[in-house]
Amino acid sequence: HHHHADTLSLIVLGAIVLWGLSGFAGSRTHEHAADASALKLSVTAPSLIRNGELYETTIDVAAKRGIRKLVIGVTPALWRETTINSMTPAPADETSGDGLFRFAYGPVEAGASFKVKIDLQINPSLFGDNRGRFVAFDGEEQLAEVPLRLRVLP
(Lines give C-alpha, C1' and ligand atoms only; values in the text may rest on other atoms or scores of the structure.)
Protein backbone atom coordinates (compact mmCIF):
# COMPACT_ATOMS: atom_id res chain seq x y z
CA HIS A 1 0.00 0.00 0.00
CA HIS A 2 1.75 3.18 -1.22
CA HIS A 3 0.88 6.77 -0.32
CA HIS A 4 1.83 9.52 -2.72
CA ALA A 5 1.43 13.25 -2.31
CA ASP A 6 -1.24 14.78 -4.45
CA THR A 7 0.19 17.06 -7.17
CA LEU A 8 -2.12 19.91 -6.21
CA SER A 9 -0.99 19.66 -2.56
CA LEU A 10 2.66 19.92 -3.62
CA ILE A 11 1.93 22.94 -5.80
CA VAL A 12 0.04 24.70 -2.97
CA LEU A 13 2.80 23.89 -0.46
CA GLY A 14 5.46 25.11 -2.89
CA ALA A 15 3.54 28.35 -3.52
CA ILE A 16 3.24 28.99 0.25
CA VAL A 17 6.97 28.40 0.76
CA LEU A 18 7.88 30.71 -2.15
CA TRP A 19 5.48 33.38 -0.87
CA GLY A 20 7.08 33.21 2.59
CA LEU A 21 10.61 33.35 1.19
CA SER A 22 9.76 36.35 -0.99
CA GLY A 23 9.22 38.54 2.08
CA PHE A 24 5.98 39.80 0.56
CA ALA A 25 4.09 39.43 3.85
CA GLY A 26 6.97 40.43 6.09
CA SER A 27 8.17 43.77 7.33
CA ARG A 28 9.60 46.25 4.86
CA THR A 29 11.89 49.04 5.87
CA HIS A 30 11.30 52.49 4.42
CA GLU A 31 13.11 55.79 4.78
CA HIS A 32 11.00 58.83 5.61
CA ALA A 33 12.74 62.20 5.42
CA ALA A 34 12.27 65.92 5.88
CA ASP A 35 14.78 68.32 4.36
CA ALA A 36 14.75 71.64 6.22
CA SER A 37 17.07 74.65 6.13
CA ALA A 38 18.89 73.62 9.33
CA LEU A 39 19.10 69.86 8.84
CA LYS A 40 17.92 66.77 7.06
CA LEU A 41 16.00 64.40 9.30
CA SER A 42 15.69 60.80 8.07
CA VAL A 43 13.83 58.03 9.87
CA THR A 44 14.19 54.44 8.68
CA ALA A 45 11.58 52.04 10.04
CA PRO A 46 9.28 49.29 8.87
CA SER A 47 5.85 50.29 7.61
CA LEU A 48 4.38 46.79 8.03
CA ILE A 49 5.16 44.37 10.84
CA ARG A 50 3.54 41.53 12.78
CA ASN A 51 2.72 41.81 16.46
CA GLY A 52 5.32 40.28 18.75
CA GLU A 53 8.17 41.02 16.31
CA LEU A 54 11.36 42.86 17.10
CA TYR A 55 12.28 45.74 14.82
CA GLU A 56 14.75 48.57 14.45
CA THR A 57 14.26 52.27 13.82
CA THR A 58 17.16 54.56 12.93
CA ILE A 59 17.14 58.34 13.05
CA ASP A 60 19.73 60.19 10.97
CA VAL A 61 20.35 63.90 11.41
CA ALA A 62 22.56 65.68 8.87
CA ALA A 63 23.22 69.18 10.23
CA LYS A 64 23.40 71.98 7.67
CA ARG A 65 24.18 74.50 10.41
CA GLY A 66 25.38 74.14 13.96
CA ILE A 67 22.80 72.77 16.39
CA ARG A 68 23.37 73.79 20.01
CA LYS A 69 21.17 71.11 21.60
CA LEU A 70 19.72 68.36 19.42
CA VAL A 71 16.45 67.06 20.80
CA ILE A 72 14.48 64.28 19.13
CA GLY A 73 10.77 64.19 19.92
CA VAL A 74 8.44 61.23 19.35
CA THR A 75 4.67 61.22 19.68
CA PRO A 76 3.51 58.63 22.26
CA ALA A 77 0.88 57.27 19.84
CA LEU A 78 3.64 55.97 17.57
CA TRP A 79 5.00 53.77 20.35
CA ARG A 80 1.62 52.64 21.73
CA GLU A 81 1.82 48.99 22.83
CA THR A 82 5.53 48.95 21.97
CA THR A 83 8.45 48.00 24.19
CA ILE A 84 11.70 49.92 23.71
CA ASN A 85 14.59 47.53 24.28
CA SER A 86 17.49 49.92 23.66
CA MET A 87 18.39 53.34 22.33
CA THR A 88 21.95 53.94 21.17
CA PRO A 89 23.46 56.34 21.95
CA ALA A 90 21.53 56.93 25.15
CA PRO A 91 20.19 60.48 25.42
CA ALA A 92 21.69 62.85 27.98
CA ASP A 93 18.18 63.75 29.14
CA GLU A 94 14.70 62.27 28.69
CA THR A 95 11.54 64.31 29.26
CA SER A 96 7.93 64.43 28.22
CA GLY A 97 6.02 67.54 27.27
CA ASP A 98 3.85 69.17 24.62
CA GLY A 99 2.61 65.76 23.48
CA LEU A 100 6.08 64.33 22.83
CA PHE A 101 8.64 62.09 24.43
CA ARG A 102 11.84 64.19 24.18
CA PHE A 103 15.38 62.84 24.00
CA ALA A 104 18.20 65.40 24.30
CA TYR A 105 21.63 64.66 22.83
CA GLY A 106 23.67 67.86 22.84
CA PRO A 107 25.41 69.83 20.08
CA VAL A 108 25.91 68.76 16.46
CA GLU A 109 28.38 70.74 14.35
CA ALA A 110 27.50 72.10 10.90
CA GLY A 111 28.21 69.45 8.26
CA ALA A 112 28.24 66.63 10.84
CA SER A 113 25.87 63.68 11.05
CA PHE A 114 24.29 62.14 14.10
CA LYS A 115 22.59 58.72 14.22
CA VAL A 116 20.31 57.11 16.80
CA LYS A 117 19.44 53.40 16.69
CA ILE A 118 16.34 52.21 18.54
CA ASP A 119 15.47 48.54 19.05
CA LEU A 120 11.78 47.92 19.72
CA GLN A 121 9.24 45.12 20.00
CA ILE A 122 5.54 45.21 19.16
CA ASN A 123 3.49 43.89 22.07
CA PRO A 124 1.42 40.84 21.09
CA SER A 125 -1.88 42.60 21.87
CA LEU A 126 -1.35 45.36 19.27
CA PHE A 127 -3.23 45.14 15.99
CA GLY A 128 -3.91 47.94 13.52
CA ASP A 129 -2.08 51.21 12.92
CA ASN A 130 0.27 53.27 15.03
CA ARG A 131 0.68 56.76 13.62
CA GLY A 132 2.88 59.52 14.87
CA ARG A 133 5.86 61.67 14.09
CA PHE A 134 9.50 62.25 14.86
CA VAL A 135 10.47 65.88 15.42
CA ALA A 136 13.97 67.40 15.53
CA PHE A 137 14.57 70.44 17.72
CA ASP A 138 17.43 72.77 18.52
CA GLY A 139 16.55 73.21 22.18
CA GLU A 140 12.91 74.35 21.95
CA GLU A 141 13.06 75.49 18.30
CA GLN A 142 11.40 72.96 15.98
CA LEU A 143 13.58 72.28 12.93
CA ALA A 144 11.97 69.37 11.05
CA GLU A 145 9.22 66.79 11.36
CA VAL A 146 8.75 63.34 9.83
CA PRO A 147 5.34 61.61 9.97
CA LEU A 148 5.32 57.83 10.28
CA ARG A 149 2.71 55.06 10.07
CA LEU A 150 3.35 51.56 11.36
CA ARG A 151 0.81 48.96 10.29
CA VAL A 152 0.68 45.94 12.63
CA LEU A 153 -0.71 42.58 11.49
CA PRO A 154 -1.56 39.65 13.79
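Reader: How many aromatic pairs does the count come to by this rule?

Author: In this predicted model, the count comes to four aromatic pairs. One of them is formed by W79 and F101.

Reader: What makes the pair of W79 and F101 stacked?

Author: The planes of W79 and F101 stand at 20° to each other, and planes under 30 degrees apart count as stacked. W79 sits in the loop between β4 (67–74) and β5 (82–88), while F101 belongs to strand β7, so the pair links distant parts of the chain, 22 residues apart.

Reader: Why is W79 called buried?

Author: W79 has a relative accessibility of 8%. Buried means under 20%, so W79 counts as buried.

Reader: What is F101 called, buried, exposed or partly exposed?

Author: F101 has a relative accessible area of 31%.

Reader: Why is the pair of W79 and F103 called tilted?

Author: The planes of W79 and F103 lie at 50°. Stacked needs under 30 degrees and edge-to-face over 60, so this pair is tilted. The ring centres are 6.1 Å apart. F103 is in strand β7 and W79 in the loop between β4 and β5, so the pair ties together parts that are 24 residues apart in sequence. W79 and F103 are both buried.

Reader: Which residues do ring pairs link into a cluster?

Author: The cluster consists of W79, F101, F103 and F134.

Reader: Which residues touch the most other members of the largest nonpolar core?

Author: They are I59, V61, W79 and F134, in a core of 36 residues. Several strands, including β2 (39–50), β3 (54–63) and β9 (128–138), each supply at least two residues of this core. β10 gives the most, with six residues. As for I59, its contacts beyond four places in sequence include L41, V43, I72, V116 and F134.

Reader: Which residues does the second, separate core include?

Author: That core has five residues, among them V71, L100, A104 and F137.

Reader: Why is R102 called buried?

Author: R102 has a relative accessible area of 9%. The limit is under 20%, so R102 is buried. R102 lies in strand β7 (residues 100–108). Among the residues R102 touches, not counting those up to four places away in sequence, are V71, I72, D93, E94 and E140.

Reader: What does the side chain of R102 reach at 3.5 Å?

Author: The side chain of R102 reaches the backbone oxygen of G97 at that distance. A polar contact needs atoms within 3.5 Å, and 3.5 Å is the distance here.

Reader: Which residues make up the covered face of β8?

Author: The covered face holds F114, V116, I118, L120 and I122. On the uncovered face are S113, K115, K117, D119 and Q121.

Reader: How many bridges join β3 to β8?

Author: Nine bridges join these two antiparallel strands. At least two bridges are needed for a pair. Y55 stands opposite L120 in β8. β5 also pairs with β8 in the antiparallel sense, over six bridges, and the bridge partner of T83 in β8 is Q121.

How values were computed. Residues numbered from 1 in each chain as written. Predicted model: local features only at pLDDT ≥ 70, side-chain atom pairs only at ≥ 80, totals over all residues. Heavy atoms only, no water. Helix = DSSP H or I, 4+ residues; strand = E, 2+ residues; numbered from the N terminus. Buried < 20%, exposed > 50% of the residue type's maximum accessible area, 1.4 Å probe, protein only. Polar contact = N/O pair within 3.5 Å; in protein donor to acceptor, adjacent residues only side chain to side chain. Contact = heavy atoms within 4.5 Å. Phe/Tyr/Trp six-rings, centres within 6.5 Å; stacked < 30°, edge-to-face > 60°. Core = buried A, V, L, I, M, F, W, Y, C linked by side-chain atoms within 4.5 Å.
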